[in-house]
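Please have the sequence and the structure at hand while reading.

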Amino acid sequence: MPQTHLLTGAGSGIGRLLAERLAARGDRLVLVARDAARAAELTTDFPSAAPLIVDLAHPERIADAVAAADFPEGLDSVVHAAGIVELGDVADLPLDAWTSQVAVNLVAPAELTRLVLPRVRAVRGQVLFVNSGAGLTAHPQWAAYAASKHGLKALADALRGEEAPRGVRVTTVYPGRTATPMQAKVHEQEGAAYHPEAFIDPASVVTAILTALDLPRDAVISDLTVRPGPR
């Protein structure tokens with residue numbers, strides 16, 4: 001039976017491939033788009049998808065966007081795959097590098113989850129956070145991004161305990177470095193040559209996500225770390 005999934009980050013990378021896999025098997029999609037132009041692009045690529053237009057850089061606007069959107073009352077999953085990264089030493093990172101990453105990577109997922117939880121509870125669905133290895137360990141120049149992702153882990157851990165009595169499953173996936181447009185941007189910031197073949201194929205991360213989403217109801221994958229395999 002087709003399921004309904006709300007996805008952020010469906011414009012590229014892991015989120016894009018996940019949307020493609022879900023659509024190919026006949027599931028229904030609600031895709032978050034930062035503006036009307038991006039929504040038009042996504043609905044061209046995914047004609048049956050419903051758009052939810054809101055810029056996650058402004059979490060204070062999510063409530064109005066959800067209220068205005070037309071999408072199903074039941075959500076089998078909410079997948080938070082959107083994210084931004086800006087590297088730099090703590091001594092050099094400007095304030096907006098902190099606030100923007102915390103807003104998009106942490107506050108927006110928290111607010112969107114809060115607003116759609118009744119739809120997830122209605123069908124005993126699942127909330128899945130695409131985190132990062134940086135959500136477990138912080139390295140030099142990754143302070144702001146890692147802080148936002150450590151916070152995302154805390155959000156998921158707390159939510160898991162709160163929603164278990166209502167039958168809602170909560171999963172965090174921690175991919176290592178993955179060959180996505182974000183990884184290309186990271187290498188540009190690091191001043192390093194980018195060789196995508198050296199990193200995890202995003203399709204492999206999507207397979208891990210689908211494993212967690214499709215797991216029978218008698219179990220939950222609470223935390224799943226995906227690392228580069230031996231070459």
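In this predicted model, helix α1 (13-24) and helix α7 (residues 202-214) pack with their axes 9 Å apart, at an angle of about 55°. The two helices, α1 and α7, are therefore oblique to each other.

**Helices α1 and α7**
- The crossing of α1 and α7 is right-handed.
- On the α1 side, the contact is made by Ile14, Leu17, Leu18, Arg21 and Leu22.
- On the α7 side, Pro202, Ala203, Val205, Val206, Thr207, Ile209 and Leu210 take part.
- By class, the contact of α1 with α7 has 10 nonpolar residues, 1 polar and 1 charged.

**Helices α4 and α5**
- Helix α4 (residues 95-122) and helix α5 (residues 143-163) have axes that come within 8 Å and cross at roughly 15°.
- Because angles under 35 degrees count as roughly parallel, α4 is described as roughly parallel to α5.
- α4 passes α5 in a right-handed crossing.
- From α4, the contact residues include Ala97, Trp98, Gln101, Val102, Asn105 and Leu106, and also Pro109, Ala110, Thr113, Leu117 and Arg121.
- From α5, they include Ala143, Ala144, Tyr145, Ala147 and Ser148, and also Gly151, Leu152, Leu155, Leu159 and Glu163.
- The residues in the contact of α4 with α5 divide into 14 nonpolar, 5 polar and 2 charged.

**The largest pocket**
- The largest pocket holds about 1,100 Å³ of space.
- It is lined by 45 residues, and the closest to its centre are Ala81, Ala82, Gly83, Ile84 and Met182.
- Two or more lining residues come from each of α1, β2 (28-33), α2 (36-45), α5 and α6 (181-190).
- Helix α6 gives the largest share of the lining of the largest pocket, 5 residues.
- The lining of the largest pocket has 22 nonpolar, 16 polar and 7 charged residues.

**The largest cavity**
- The structure holds 1 cavity of 30 Å³ or more, and the largest cavity has a volume of about 30 Å³.
- Thr8, Leu56, His80, Ala82, Val104, Ala108, Pro109 and Leu112 line the largest cavity.
- Helix α4 gives the most to the lining of the largest cavity, with 4 residues.
- By class, the lining of the largest cavity has 6 nonpolar residues, 2 polar and no charged ones.

Technical notes: Residues numbered from 1 in each chain as written. Predicted model: local features only at pLDDT ≥ 70, side-chain atom pairs only at ≥ 80, totals over all residues. Heavy atoms only, no water. Axes fitted to C-alpha atoms, helices over the stretch in contact; angles between N-to-C directions. Parallel < 35°, antiparallel > 145°, perpendicular 65-115°, else oblique. Left-handed = near helix turned anticlockwise from the far one by under 90°. Contact = heavy atoms within 4.5 Å. Nonpolar A, V, L, I, M, F, W, Y, C, P; charged D, E, K, R; others polar. 1 Å grid on protein atoms, 1.4 Å probe; cavity = no way out; pocket = protein on both sides within 12 Å on 5 of 7 lines; lining within 4 Å. Points joined across faces, edges and corners; volume = space filled by probe spheres on them.
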